[in-house]
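Have the viewer open as you read.

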Amino acid sequence: MKKFFWLLGVSSVAFVWVVSNLFAGEIDILVQKLVEKGILTPGEAQEIIVETKEEIKKEIAMGKHETLPTWLQTIKLKGDFRARYQFTDKKGQEDRHRERIRLRLGADAMVNEQMKVALGLATMGKSNDPRSTNVTLGQGRDEAAGNPGTFKDIGLDYAYAEYYPFSWLTLSAGKIKNALWEPSDLLWDTDINPDGGAIRLGYKVNSGVEFFMNNMVYVLSESSSDTSDPFMLAFQPGLDWRINDNLNLKSALSFYYFNSVKNKTKYTHQATNTLVGSMYKYDYNVWSPAVELRIKEPFWGFFPSLAFFGEYVNNPDPEDNNQGYAFGLKFGAERIRDKGEWQVTALYTKLEKDSWLDIFPDSDRYSGRTRMKGYEAIFSYGLGKNTSLGIDYYYTKDLQKTGNTYVPEQLLQIDWNLKF
Amino acid sequence: MNKFLKILLIGFLSLACSSLVYAERIVLEGSTTVLPIAQKIAEVFMQRNKNAEVIVRGGGSGVGIASLIDGNCDIANSSRSIKDTEIQKAMSRKVEPKAHVIAMDGIAVVVHPSNPIKGLSKKQIKDIYTGKISDWSLLGGEKGKIVVISRDTASGTYEAFNELALSKAKVRRDALMQASNQAVASTVAKTPQAIGYVGLAYLSDSVKAIEVEGVPPKKETVLANKYPISRPLFMYTNGTPRGLVKEFIDFIKSPVGQKLVEEIGYVGLK
């Protein structure tokens, strides 16, 4: 299956290239013959050759070339590679140094003007963990020590179809990208691509104000012997308000509903939520407001961008240990695209034990657990076009004592990121 | 009598208004390299067509194409081919850019007339502009630091030279960036250790054009696709041109128009 996707991508690109170049090449030869016979002047030949090439280029860019189906002409390939050094210092445990890699490859194609198909492959950390695409060098499958230079696993990262019947509506189904807007990774690790579907609505009141409503269903697991499969529903109304050319406010309020989780389920990577027997004790039908204020070129243009953000979560089912929040700021370039661009992010997070299902938050922050609080600082610097250096530092603590101490953990990640 | 005068007056005003309506206007915008061609052609075209008004603006190739996409001009002058991203943006605005090649331009590499260097390879030019070679003695010239002159990054000439001669490598940081072809030519003419690049139209006795890969920058070598740093010059219209825009494009491509192109110093296609 993996081979098939590879072959499909490579052959599509090669086919487009070969067809366009062959056609242009034939025109060149024909026109040169006419020049040799004195029928065309060299100038007229140039005019015909260049204008023909321009026309072919335009038709391909517009998806109008008749020799290929439209979806093949509009296929786009993308990918990124990350080499990471990671150091973990957790009280009571041996220091750990790891070299890790992540590779992601993606392609999407327009089926017609209103439908798109996308798929992505990625390296797999643990086969059952939706949060990690890191592969640790020196390990084999599922973090077991491997023989030197073992092959690494690649899995299906996402595969979905999208339908845009109207400019204000997007429907998606499959193993989709997270449809919810989040200013931080307090609740959702950015590697998670839910199994399910989404309906996203956007209504522009004017050029500066847009109301949106993101809705998502996440099939958590499916069993052939049980009809009450666990799933999650999320509803997120929000507002994106461009106050003026330099000021933008985005906010949303999310509501989550989990079916067949309480008393019925426990996931492999569960670590801190309260259990009864071997099942989750509580529901996680939480509500969560989030806000981000972005300022362009603050302090007389000293930074290209400055943003403040905050997020809160509350689970009404348990009586205590049921809240969490994150707040922070981000300044520098909005995105690192080129050499010399930089960005700094600093945030504080706290997630109480049963505030949120502990299989979803950022897997790097206190090993992805709830029942923790701490700081994170990220520095990113553009080394060149499409390549950057990232330094990410976490200092987090358990909210519950082990012995006499709230066990602290320091994590340092140094990343070399390359996009293609 | 009064009635007769009124009718006469209304008739006269109608005639005046209709003559105003007939004064069609087209706007050209874009490349500074194509600007001299556009200005000269516009001048002669308006002399021949009294009801036509042709407005010509510069700004650079990217500005011209953006203006065509936004519907702010009728013809975009460009010294480079339109980019895929620009085509896609145009498509989203229901604009279909159509290319018309109106002339060829060779980008001549120029040095001071006193410089003994006769020619360079593309690799040597790239090494000079990226900072790997900094002294003329490494190229068989007299000892002395090479003063690198380039066009500013917004110009179509820079983009074409960057792609054709430098394979998109970054120009060294200490290069002197100039805002026009004329400024490059003037700076090279005044600086014995300088190297620069200009369109063929800007060659004069005050600078020395050198061979590239053994090929001199001339009309014959450019039209035969032998000179390595040459490029077509474009005018883009929204779809197949009609009306006055068509007349204007036809005029540039006519023998008379192409003769004017050559008079300015570019390579005509006829």
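**A helix residue, an interface and a loop**

Apart from neighbours up to four places away in sequence, B:T187 is in contact with B:I149 and B:Q178, where contact means heavy atoms within 4.5 Å. You will find B:T187 in helix α7 of chain B, residues 181–190; helices here are DSSP runs of H or I with at least four residues, strands are runs of E with at least two, and both are numbered from the N terminus. B:T187 counts as buried because its relative accessible area is 19% and buried means under 20%, with exposed over 50% and partly exposed in between (1.4 Å probe, protein chains only).

A word on the ground rules: this is a predicted model, in which local features need pLDDT of at least 70 and side-chain atom pairs count only at pLDDT 80 or more, while totals for chains, interfaces and linings use all residues. Residues are numbered from 1 along each chain as its sequence is written, chains are lettered from A and ligands numbered from 1 in the order in which they are written, and side-chain values use heavy atoms, leaving out hydrogens and water.

Now move to where the chains meet. Here 22 residues of chain B are in contact with 15 residues of chain A. The area buried between chain B and chain A is about 1800 Å², and carbon and sulfur atoms give 53% of that; buried area is the accessible area (1.4 Å probe) that two parts lose on being put together, summed over both. B:I87, B:E96 and B:L269 supply 26% of the area that chain B buries against chain A, more than any other three residues.

B:E96 also forms a salt bridge with A:K58, with the closest N and O atoms 3.5 Å apart. On the side of chain B that touches chain A, α4 (84–92), β4 (97–111) and β11 (230–238) each supply at least two residues. The most comes from β4(B), with 6 residues.

Finally, turn to chain A, where A:R365 lies in the loop between β16 (342–351) and β17 (372–384). A:R365 is buried, with a relative accessible area of 4%. Leaving out residues up to four places away in sequence, A:R365 touches several residues, among them A:D185, A:L347 and A:Y394. The C-alpha atoms of A:R365 and A:Y395 are separated by 8.5 Å, although these residues are 30 apart along the chain.

Definitions and conventions. A salt bridge is a side-chain nitrogen of Lys or Arg within 4 Å of a carboxyl oxygen of Asp or Glu.
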